Amino acid sequence: MNKRFFVVSVIAGVALAGCGATGPKYKNTKDYSEGLVAVQAKNGKWGYLDERQNWAIPPKFEDARDFKGGRASVKLGGNWGFIDKRGNWK
């Protein structure tokens, strides 16, 4: 490792630690569809955020797809199914 890179890395690390940065909030996100976005939380589970970044449907799914026609396909307990925008199974 070259000395210049090391020094820059240390300075960046100190700066980030000092500003309270904790890294990304979410592991993955998908595109907004019908006012909600599928988001993978740090625990690996998927849920849906509204446009104000509040959990509309808490993260509890193993996988999640975009909403289309008021329904989204999600995986829970190894099984796929559909939910509505409130998280109710359809």
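**Hairpins, core and rings**

Modeller: Start with the hairpin of strand 3 and strand 4: five residues lie between the strands, and Gln-53 there takes a positive phi near 65°. Keep in mind that this is a predicted model.

Biologist: How many bridges join strand 3 to strand 4?

Modeller: Three, and the two strands run antiparallel. Strand 4 covers residues 55-61.

Biologist: And what joins strand 2 to strand 3?

Modeller: Four bridges, again with an antiparallel run. Strand 2 is residues 37-40. That hairpin also has five residues between the strands, and Gly-44 takes a positive phi near 90°.

Biologist: Which residue stands opposite Trp-46 in strand 2?

Modeller: Gln-40. In strand 4, Trp-46 has Phe-61 as its bridge partner.

Biologist: Are the faces of strand 3 covered or open?

Modeller: Both are covered. Trp-46 and Tyr-48 are buried on one side, Gly-47 and Leu-49 on the other. In a regular strand, side chains alternate between the two sheet faces.

Biologist: What lies over the face of Trp-46?

Modeller: Lys-30, at 4.8 Å from the ring centre. There is another charge over a ring: the charged end of Arg-71 sits over Phe-82, 4.2 Å from the ring centre.

Biologist: Switching topic. Which residues make up the largest nonpolar core?

Modeller: Eleven residues, among them Trp-46, Tyr-48, Ile-57, Phe-61, Phe-67 and Ile-83. Strand 3, strand 4, strand 5 and strand 6 each give two or more residues to this core.

Biologist: Now the rings. How many aromatic pairs in the whole structure?

Modeller: Three. In one of them, Tyr-48 and Phe-67 have ring centres 5.0 Å apart and planes at 65°, so the pair is edge-to-face.

Biologist: Why does that pair tie together separate parts of the chain?

Modeller: Because Tyr-48 lies in strand 3 and Phe-67 in strand 5, parts that are 19 residues apart in sequence.

Biologist: Is Tyr-48 buried or exposed? And Phe-67?

Modeller: Tyr-48 is buried, at 1% relative accessible area. Phe-67 is buried too, at 2%.

Biologist: What about the pair of Phe-61 and Trp-89?

Modeller: That pair is edge-to-face, with 6.4 Å between centres and 75° between planes. It links distant parts of the chain: Phe-61 sits in strand 4 and Trp-89 in the segment after strand 7, 28 residues apart.

Biologist: Last thing, confidence. What is the mean pLDDT of the chain?

Modeller: The mean is 82, and 73% of the residues reach 70 or more. Among the elements, strand 7 (residues 79-83) has the highest mean, 98.

Biologist: Which element has the lowest?

Modeller: Helix 1, residues 3-18, with a mean of 40. Over residues 1-18 the pLDDT is below 50. Beyond near neighbours in sequence, that stretch has two contacts in the model.

Terms used: Residues are numbered from 1 along each chain as its sequence is written. This is a predicted model: local features need pLDDT of at least 70, side-chain atom pairs count only at pLDDT 80 or more; totals for chains, interfaces and linings use all residues. Side-chain values use heavy atoms; hydrogens and water are left out. pLDDT is the predictor's confidence in each residue, from 0 to 100. Contact means heavy atoms within 4.5 Å. Buried means under 20% relative accessible area, exposed over 50%, partly exposed in between (1.4 Å probe, protein chains only). Two strands pair if DSSP finds at least two bridges between them. A nonpolar core is a set of buried Ala, Val, Leu, Ile, Met, Phe, Trp, Tyr and Cys residues joined through side-chain atoms within 4.5 Å. Rings of Phe, Tyr and Trp (its six-membered ring) pair if their centres lie within 6.5 Å; planes under 30 degrees apart count as stacked, over 60 as edge-to-face and the rest as tilted. A charge sits over a ring if NZ of Lys or CZ of Arg is within 6 Å of the ring centre and within 35 degrees of the ring normal.
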